[in-house]
Amino acid sequence: MGVRIGVIIALSTLFSYLHMLHTLRAEALERMQQHVVERGEREQAIFLLAEDNHALFKKTLKERVRELQQHEEEVSARFDKLFVRRPDGTVRSPPGTTDGTRRVQAFIPAKVNLDIGFRTRFLAVYDVLSWYAPAFHVRFSTTYVTFPEGAIAGFWPTLPTWVQDLPPDFSVASYEDFPLALPENNPQRRTAWTGIFKEVVSNIWLTSVTTPVDLDGRHIASVGHDVFLNELMTRTINDHLPGAYNLLFRDDGQLIAHPELKLEGTTSAYDILSNTRQPEAAARLLGSAGKAAHLRAIFERVKNRQPGQTLLDLPEYGEYVAVTQLRGPGWNLATVLPEHVVSQPALLAARYVLLLGILSLLLELVIMYQVLRQQITQPLHAFIQATDKVAAGDFHGDFQVELDTARRDELGQLAQAFRLMADEVQRREVALRQANEGLEQRVEERTRELKDVHLQLVQTARRAGMAEIATNVLHNVGNVLNSVYTSAQMAKERVGGMRLEHVGRVAHLIQEHQADLSNFLTQDGRGRNLMPFLDKLGQSLVEDRQEVVSLLDDVGRYTEHIGDIVKVQQNYARIPRVQEQVSLPELLEDALRINFAGLKRHQVKVLRDIAPLPPVMTDKHKTLMILVNLVSNAKYAMDEVAPSERLLTVRLAQVGGRVRISIHDNGMGIAPEMLTRIFQYGFTTREEGHGFGLHSSAIAAREELGGSLTVHSDGPGRGATFTLDLPYVPVEQDSQGVS
């Protein structure tokens with residue numbers, strides 16, 4: 001019952017969590033959507049004000065140009081009075097005669113033709129700037145006007161000497177806002193906004209807005225503002241909903257504000273993040289590639305949203321995005337709310353529900369315990385005592401344990417049935433005792449039969465053990481006999497290839513010219529070549545003899561190993577072998593030489609990583625038998641691998657107080673379900689195999705060498721590694737122990 005109540009509590013908690021999560025999510029998303037819309041209305045006011053200023057400025061400028069066109073002589077005189085030509089050819093406001101903090105400054109490149117039309121336009125711009133620019137400066141850093149010819153006039157109180165500091169080759173065409181007003185780039189003649197940049201003098205983030213001014217179908221000037229963005233960026237970063245954060249970016253992806261991003265110059269973050277040719281810049285801007293991918297996902301989701309859609313879902317990052325577009329520059333103001341901000345309150349409420357449910361469950365369990373103890377546990381304890389008496393065979397007199405047979409429930413019925421059962425058990429015990437007396441005699445007869453069967457089984461097991469020993473002998477001897485046969489055949493081929501017949505020919509040739517041998521050796525052409533030929537022939541015969549002797553030495557060593565294998569198997573009944581001084585690197589090389597013919601025939605390359613260890617005390621021939629077996633198995637395991645890719649890696653190293661020898665092949669590998677059976681008696685994966693080599697090697701490594709033989713494989717087709725671990729017993733340590 002407690003489990004059922006627990007399940008009900010768990011389900012109630014789950015339903016409560018889901019309901020609250022749904023409610024809180026809906027409220028949070030509605031609040032976030034309302035928040036971003038209201039923020040957008042407030043933040044776009046500065047941009048709408050800039051466009052209103054430009055509309056007023058544009059209207060007034062056209063009127064002023066038409067007024068000045070009627071007074072051309074006055075225009076020229078005022079122009080020459082207000083501006084002077086420098087030695088570098090440029091025309092600028094004269095230094096010392098104007099206050100840059102209160103007056104308009106002007107710069108005209110040397111290449112501009114100062115005809116009456118240009119003078120009229122420039123002077124009209126100067127007048128309108130003088131009227132409106134000081135008032136605009138309250139909300140805008142600068143107010144300026146650029147001309148298609150490359151001239152500029154502006155009001156910049158924070159840098160009153162900016163005109164005097166401009167180089168002679170200064171060009172307004174290098175600024176981002178200049179081409180935005182040209183007819184070919186802005187055929188609708190609308191107000192255009194640039195990206196953001198930091199003004200180096202005031203160290204304030206700005207954006208520029210420019211509006212083209214056309215008169216009689218001709219582009220005469222472009223009015224511009226620099227808009228302060230520091231407050232907007234600060235509000236965007238710091239003024240956010242609890243747990244959320246704000247972003248401000250253009251449609252092309254350029255970031256305006258981000259809580260973790262520091263922009264440099266006017267770099268377009270979207271271009272950097274979407275351009276694989278600049279991964280270092282993305283990492284530098286965002287701190288990690290993961291943040292770059294996250295920001296790019298937000299840009300793409302906002303960019304691909306449906307018209308009028310303000311609430312977006314970003315499931316891959318567990319976030320919701322509310323976005324609105326600021327009128328004017330068209331920037332996107334986005335609020336990002338992580339899912340966990342919504343789910344955490346719901347989870348907390350669910351915990352309270354779960355806690356109350358658990359407390360209720362505990363209280364109910366305590367009450368249930370008291371009821372069960374009185375109604376169930378105590379009567380059952382009486383039944384247990386009665387059961388113990390029945391089990392002990394105490395049937396004399398009435399039971400000493402009182403059973404309540406007057407109860408009307410199941411326990412009362414059980415008590416009545418128990419008394420009937422006790423009487424029946426007593427009756428059957430008497431009958432069983434009588435039957436046991438006749439059973440003892442039959443058991444004795446069966447025991448004698450089992451002894452006879454046991455003797456037969458012992459003899460059978462002994463013969464099976466002898467068969468296993470014989471099989472191991474044949475297996476290990478067979479491995480070595482292959483190498484003996486190979487070495488004998490190579491020696492036979494080498495002896496057959498000796499050029500002994502050349503010796504007879506030389507002797508015959510010398511015998512023919514015995515009378516004039518000196519003359520023959522010095523004058524005759526064949527005689528002059530005879531001595532060099534004898535020298536080369538002698539060297540060749542010596543080399544052949546050395547190789548034959550080496551092959552015969554191998555045959556002798558292999559034959560000795562065969563004899564020792566037989567001795568090992570004869571002493572298999574756990575008779576301790578005498579350990580001897582062994583060089584494991586040389587022993588490993590012997591194992592490779594024994595398998596040399598097979599490795600060469602299978603085109604197996606051998607990679608050695610053998611540490612130069614000092615000699616150790618171990619059973620030389622038993623260790624060699626294991627290594628030969630492992631190398632032979634590795635050779636066959638690579639049959640399915642292309643000959644050019646067959647590689648056998650042999651490693652020898654000391655690991656702590658152990659010596660580790662590993663044989664690795666890149667062959668067929670071993671399936672996981674086979675790894676536990678690989679060392680079992682009779683288990684093999686080859687058709688011609690018999691499953692005795694690895695079995696006997698594992699037993700010998702563990703019981704006779706005091707080590708272990710293990711195997712590891714990553715699966716079929718990924719090779720296998722057999723590792724032989726042996727105790728590291730240095731010769732010096734052993735000799736000290738003996739003395």
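Guide: Welcome! The model is predicted, so local features need pLDDT of at least 70 and side-chain atom pairs count only at pLDDT 80 or more, while totals for chains, interfaces and linings use all residues. Residues are numbered from 1 along each chain as its sequence is written, and side-chain values use heavy atoms, with hydrogens and water left out.

Visitor: Why is phenylalanine 57 called buried?

Guide: Buried means under 20% relative accessible area, exposed over 50% and partly exposed in between (1.4 Å probe, protein chains only). Phenylalanine 57 has 1%, therefore it is buried.

Visitor: And why is tyrosine 132 called partly exposed?

Guide: Its relative accessible area is 22%, so tyrosine 132 counts as partly exposed.

Visitor: What makes phenylalanine 57 and tyrosine 132 an aromatic pair, and why is it called tilted?

Guide: Rings of Phe, Tyr and Trp (its six-membered ring) pair if their centres lie within 6.5 Å; planes under 30 degrees apart are stacked, over 60 edge-to-face, and the rest tilted. Here the centres are 6.4 Å apart and the planes are at 55 degrees, so this is a tilted pair. Phenylalanine 57 sits in helix H2 and tyrosine 132 in helix H4, 75 residues apart.

Visitor: How do you know that H2 meets H4?

Guide: Contact means heavy atoms within 4.5 Å. Residues of H2 including Asn53, Phe57 and Leu61 meet residues of H4, among them Thr120, Val128 and Tyr132. By class, this contact has 13 nonpolar, 3 polar and 3 charged residues.

Notes:
Helices (H or I, at least four residues) and strands (E, at least two) are DSSP runs, numbered from the N terminus. Ala, Val, Leu, Ile, Met, Phe, Trp, Tyr, Cys and Pro count as nonpolar, Asp, Glu, Lys and Arg as charged, and the others, Gly among them, as polar.
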